[in-house]
Amino acid sequence: MAVDLVIFDCDGVLVDSEPISVRVGTAALRRLGWTIEEAEYAERFVGCSNEYWEQQVGETPPGWWEQVRTEYEAAVKAELCAVEGIVEALDRLTLPVCVASNGRHTTIRRSLELTGLAERFGGRVFSAEDVAQGKPAPDLFLHAAATLGAAPERCVVVEDSPFGVTAAVSAGMRCLAFAGGLTPASRLNGLGATLFHHPAALPDLIDALR
């Protein structure tokens with residue numbers, strides 16, 4: 001089956017933001033009295049939508065959300081970089097590409113701009129804000145494909161979280177799962193994706209699907 005479109009998740013696939021979000025998020029929940037370690041936080045929340053995270057957090061004292069946002073934005077501005085090897089992988093791809101992330105448009109845009117990746121995707125950026133349900137529902141990937149005129153079965157999704165892999169498979173798309181980030185390979189196995197451990201492998205894996 002030919003490949004007409006490669007759909008990239010953003011956090012953890014294009015930009016190395018997940019260690020930052022896990023560190024800031026864990027510290028914030030501890031201030032609320034949660035007993036939680038970074039590994040547990042990563043397992044529960046990496047790849048989830050903002051709405052899901054907010055539902056799980058529940059009621060908070062005044063100013064808590066503002067403090068979390070301020071801490072995260074400061075850390076991102078100081079530390080954010082592209083995932084090692086992803087620029088070289090993108091340079092080798094000749095197929096149309098887009099981004100489909102559970103993040104908000106403002107967050108995705110800032111991440112791509114800070115890491116120098118924004119121009120590679122132009123206006124082809126999709127957010128969970130665009131659909132009724134974010135990942136793990138298939139809505140976001142189906143919306144991206146429909147907008148860009150690609151049939152689901154001719155799309156390849158590059159993801160790094162169980163939420164994203166589940167969404168891709170549910171959308172009827174082939175999925176390549178990055179197991180070189182925070183999510184252990186054991187949590188990505190058995191979900192219907194092909195695992196890879198370094199972005200350098202991406203172009204060849206995609207070519208093999210064509």
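The largest nonpolar core in this predicted model has 48 residues, and the ones with the most contacts inside it are Phe8, Leu14, Trp53 and Leu202. Helix 4 (residues 64-79) gives this core its largest share, six residues.

Take Trp53 and skip its neighbours within four places in sequence: what is tryptophan 53 in contact with? The list runs to Gly25, Tyr41, Phe45, Cys48, Trp64, Trp65 and Val68.

Val157 brings us to strand 4. Is this strand enclosed or open? Five of the five residues of strand 4 (residues 155-159) are buried, so the strand is largely enclosed by the rest of the structure. Cys155, Val157 and Glu159 point one way, Val156 and Val158 point the other way, and all of them are buried.

Strand 4 has these pairings:

| Partner of strand 4 | Bridges | Direction | Residues standing opposite |
|---|---|---|---|
| Strand 1 (residues 5-8) | four bridges | parallel | valine 6 and valine 156 |
| Strand 5 (residues 174-178) | four bridges | parallel | cysteine 175 and valine 157 |

To get from strand 4 to strand 5, the chain crosses through helix 9 (residues 162-170), and this β-α-β crossover is right-handed.

Terms used. Residues numbered from 1 in each chain as written. Predicted model: local features only at pLDDT ≥ 70, side-chain atom pairs only at ≥ 80, totals over all residues. Heavy atoms only, no water. Buried < 20%, exposed > 50% of the residue type's maximum accessible area, 1.4 Å probe, protein only. Helix = DSSP H or I, 4+ residues; strand = E, 2+ residues; numbered from the N terminus. Pairing = 2+ DSSP bridges. Right-handed = clockwise from strand over helix to strand, strands pointing away. Core = buried A, V, L, I, M, F, W, Y, C linked by side-chain atoms within 4.5 Å. Contact = heavy atoms within 4.5 Å.
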